[in-house]
Amino acid sequence: MKENIVIIGGGIAGLEAACQLLDLGYKPIIIEKSDHLGGHVADWNCLFPDMTPAGDIVSALISKAADANIFLNTEISFVNKLQDSYNIMLSNGISIITRIMLVTTGFSVFDASKKEEYGYGVYDQVITNKDLEHWFNTGDDRRVNDSAMNAIGFVHCVGSRDEKARNSQCSKVCCITAVKQAIEMKQKFPEAMVYCFYMDLRMFGKKYEDFYISAQRDYGIRFIRGRVSEVSENIDGRVIVKAEDTLSGKPVKVTLDLLVLMAGMVCSQDSTKVANMIKLPLDSDGFLKSADNVADIIDSPKEGIFYAGACTGPKTVPETLAEARAAALKIHLYIMKK
Amino acid sequence: MRERFLTGYNDFVLPFVCGMLFVLGYCLVGLVRIIMQLPAEDRKKFFISLITPKTLLKNIKDIFLKCLIHVDIWKRNKLLGYMHSSIAFGWFMLIVVGHIEVFLYTSDLGAKALYYPIFFRYFVAETESTMKGALIFFLMDFFLLVVLSGIALAIIKRVRSRLFGMRRTTNPSFLDLIGQYSLWSIFPLRLLAESFTADISGGSFLTKSLNYVFTEFLSNHANMLPAWWAYSCALGIFFVVLPFTRYMHIPTEILLIPFRNAGIKIVNARKGFAKAQVYSCPSCGLCIDACPMGVLKGNIKDTTVYLNRQIRRNNEARIEEISDKCLLCGKCTAICPVGVEGDKLRIAQRSVRKYNFGSDYSNISASEEILRCNKFVNNNNTSVSNPDKERVLYFAGCMTALTPVIRKATESILSKAGTDYEIMDRDGGICCGRPMLMAGRFDQARQLIEKNTEIIMGSGADTLLLSCPICYKIFREHYALPGIRVIHHTEYFDELIRTGRLDVRKGGTRYVFHDPCELGRGCGVYDEPRNVISSAGELVEAAKNRKESICCGGSLGSLTLSFDKRKAMTENALANLTADSPDEIVTACPLCMTTFSRYADRPVTDIAQVLDKCSGPGRN
């Protein structure tokens, strides 16, 4: 079939949608800014709750989507609106005329250095969830010192549910990610004390609650309810975390060898850039606005433009994949109707 | 000049005389009451200042320059300055020259002294010798013209305040309007009345010419009395409403200036000096444009001019709302032409609030804290180990604890400069007390001040270094630390560079400096940070800077402003800072830095970071 379908973003949403569209007999075009496919998931090590290797999921998707037209290291330079279609100019000089676009631009990880009181970028022992996954994958991070790992802390909701960080929404996946990463760290350093500082624990998904109970019961991870007020550094270079234990009503102070900040999800700059080019509206949470947040999450208010994945808000991997499939079907039906 | 009437009296003087006696009586009672309301110590200070030649001269000079010439308004806007000084100084000169005239040409005044200087022209006729007073005739007409020009400008200002450099102006109350219209009508009516009698009593270029030009109407002496009646009534109405309008600032300011020069401070929220300030407010509305809360036309009714109005009306609910909302940035105080201290007035209102509980800090042990930061003291805890060397105690404060880069950069600079220093609150310290002071909870603040004083005095340091101007202000103003120099890091860095203890390489980055409220208007530190930045890169200025710098919006002064309401204020302040498109915004307050970096489109850094990046150990 000759219809051009442009998928903006080669993360798991874009790849899954491409696989489905290939199965339906189309030949979609994937535009990816970076030099590899798979997006954030490609940077991850294992996925909750069954510790599925993220690499397996991504490589399976990439091999299935291999027949699509894939442009790596490519960005959209500009988009011209034609009569009933769009002319997309790519940074590699190719121009595409299409009437169907699937936006799968995803999210950005919140810049944890904006929460300066947590000391990311200031103290050597403070890293983010993403840095930790990178270390799991490569073992290469000078901030993580294998030889002396006696106490590790996780701070939940860094840049999520935080008006002062300009993000009032919940990033959905960090609670369970923190539980997962805490367990992984405990497995690597069984002697270390592991603390999680949380305001609420949102264990909404399949088997999440079991995972959390196991973290407490089987791994002895200490969950402290209360936000961290400040982080400082002591003379021998370890970090001191001050927080309030709101359940006992007392201030707590712990000295740690590693502090992991669970940076949340924010709308990516690329999503806003694309939204500007095609004149798509943003919702009040800063993510792209769907035609309807209940009944029609994958439809944009513009004809022929669809969404899948975290560009419309924080999502888990299975949710993203489900949306990608739904979007592929929606595109197929859209083409059939014309 | 000879008197036209044997009695020297006409009924039309009555409205004026009654009004004047009323206003004089009112002011006298008010004066005694305000002085009696002052604390005994302040009252003594005030009376002593009145007989001290130095303050006496300053009082006279200030009253002349501020109340009559309005120099502060001239500096702000020439047209606005001319408008104010033409009315005030012109009217004053009319009264002075009027009196001279009366005393020159009449003898045996008696009760006539009450109204003769005002209505002289009605009661006298020109004689042969009158022309010798031509200068006085000329002066009277001249100053009348000056006042009339001022009134004309005032009328224009009501319609087009932008011409006078004011975007917004106060909404007058009903009585203010009556006072205003009677004031506006006084001088045209005087011109009319004196023009009627110009062919009898004589006049100069204004009144006489008018009399000649409209000779049909003005030479008809039957028309004369109504004009003089109208003139007297306008004066009478103005004086009767004056105590209840904004024009009360005219007599009150004459009292406020000696109070201020005597060094009196606000003690009671509503009485004494505070009352003098409230009544000195001329409702000019300059504070409306100055207020950082006024962006997007918001919170206009929460500015100092409206606070003063509500205090005069005893509207407690609104007083509380206005006092609690304020950011306490002090800009209204800085630009107020009469010197109403909007921030201190609000803190005083907050201090009378009754709370059901008060925090008690007596369980904090200062001696434990001293042990953590007493490295300058010998082991026997009595003497300082190196009494001749500089011993710096660095108090980072709680805001700096939330912005660890500042502390890190400051420590790095101190090490490069070879300063012997100790951190007072490395592992958490006691609050400086300023937030409690701003909330009007003086007792809590005092407890914290006592604890910190004990720690500082026990540390053996000779310099207290602060990187947060919020702390700096309270350490300077409310702590008694004999023998210890209290210094802000901007000042200390400037000193390090000047004395060659720090070597700075100048780069090409364009920096704009944001004057934090507490450092600039609060402590008067403007030049030192600029010196430091100029040695590190190119310094550009914000559209409004120094005394008129705009609050970042993050101030902990406000007790009620919500986070989302502050956003517009921060964005407005950022737009002001980036007017000259700098590469980087530099400030010297951890709170400003956090607030700005939330919305800024370019890096926001503390001055310590800037200096740390481009400095090395100096030669000395």
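## A helix pair and the domains

H16 of chain B passes H18 of chain B in a left-handed crossing. The model is predicted. Two packed helices are described by the angle between their axes and the distance between the axes. Here the axes come within 9 Å and cross at roughly 120 degrees. H16(B) is therefore oblique to H18(B). H16(B) spans residues 316–325, and H18(B) spans residues 342–351.

Which residues make the contact? H16(B) brings B:Ile319, B:Ser323 and B:Asp324. H18(B) brings B:Arg346, B:Gln349 and B:Arg350. By class, the residues of this contact are one nonpolar, two polar and three charged.

| Domain | Residues |
|---|---|
| Domain 1 of chain A | 5–106 + 268–337 |
| Domain 2 of chain A | 112–264 |
| Domain 1 of chain B | 2–17 + 64–250 |
| Domain 2 of chain B | 264–351 |
| Domain 3 of chain B | 367–492 |
| Domain 4 of chain B | 496–617 |

In chain A, the C-alpha centres of domain 1 and domain 2 lie 31 Å apart. Eight residues from domain 1 of chain A and 16 residues from domain 2 of chain A form the contact. The side of domain 1 of chain A that touches domain 2 has four nonpolar, two polar and two charged residues.

In chain B, the C-alpha centres of domain 2 and domain 3 lie 33 Å apart. Four residues of domain 2 of chain B touch four residues of domain 3 of chain B. On the domain 2 side, these are two nonpolar, one polar and one charged.

Key: Residues numbered from 1 in each chain as written. Chains lettered and ligands numbered in written order. Predicted model: local features only at pLDDT ≥ 70, side-chain atom pairs only at ≥ 80, totals over all residues. Domains from an automatic or database assignment. Contact = placed C-beta atoms within 7 Å. Nonpolar A, V, L, I, M, F, W, Y, C, P; charged D, E, K, R; others polar. Axes fitted to C-alpha atoms, helices over the stretch in contact; angles between N-to-C directions. Helix = DSSP H or I, 4+ residues; strand = E, 2+ residues; numbered from the N terminus. Parallel < 35°, antiparallel > 145°, perpendicular 65-115°, else oblique. Left-handed = near helix turned anticlockwise from the far one by under 90°.
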